[in-house]
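Hello,

Here is the structure I promised to pass on to you. Have a look at it first, and then read my notes below.

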Amino acid sequence: MTLRNLRIPFHIRILNSLDELRDELDKSLERLSAKNPFFCFDPILYRDKNLISLRENIEKHAGSLRCALIEDSRLETAQQAQREALESRADIIIAIGGGKCLDVAKYSAAQLGIPFAAIPT
């Protein structure tokens, strides 16, 4: 196994509501000139009724919601997410969820050489 360091620049924002998250996500996608965001969601959060408006906002911004539901952090799961992101011509991967979801998305973005953003819950 080969180990390597991932150099990922980061910005931290503390948000207090879904409205703030929607606004910040819009601004961030615009600032990064991201036209084809690919999302990795925790499956429980994806079905959360409070996040429906966030998903609708993403669809409005990106035209459609291209995403993977991340149930575990196995290599096969990461490779599948990576394939789906590549097929959708993703220019950024955004993870919304907990540790497994963030890890899979970070690995996939690093493998594809595209930016990664995390929205931990």
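What follows is a short tour, from the overall fold to a single residue.

Please keep in mind that this is a predicted model. The protein has 5 helices and 4 strands, and from the N terminus on they run α-β-α-α-β-α-β-α-β. Of its 121 residues, 38% are buried. The exposed surface comes to about 7800 Å², with carbon and sulfur atoms supplying 50% of it. Among contacts with a separation of 6 or more, 66% are between residues 24 or more positions apart.

Now to the inside. The largest nonpolar core has 17 residues, and those touching the most other members are Phe38, Cys40, Ile70, Ala81, Ile93, Ala95 and Ala105. Two or more residues each come from strand 1 (37–41), helix 4 (75–87), strand 3 (92–97) and helix 5 (99–112). Helix 5 gives the most, with 5 residues. Another core, of 15 residues, lies apart from the largest one and includes Ala34, Phe41, Leu54 and Ile119.

Last, a backbone detail. Most residues other than glycine have a negative phi. Arg89 is not a glycine, yet has a positive phi of about 60°. Arg89 sits in the loop between helix 4 and strand 3. Is Arg89 buried or exposed? Arg89 counts as exposed because its relative accessibility is 67%, and the cut-off for exposed is over 50%.

Key: Residues numbered from 1 in each chain as written. Predicted model: local features only at pLDDT ≥ 70, side-chain atom pairs only at ≥ 80, totals over all residues. Heavy atoms only, no water. Core = buried A, V, L, I, M, F, W, Y, C linked by side-chain atoms within 4.5 Å. Buried < 20%, exposed > 50% of the residue type's maximum accessible area, 1.4 Å probe, protein only. Contact = heavy atoms within 4.5 Å. Areas by Shrake-Rupley, 256 points an atom, 1.4 Å probe, with all protein chains shown as cover.
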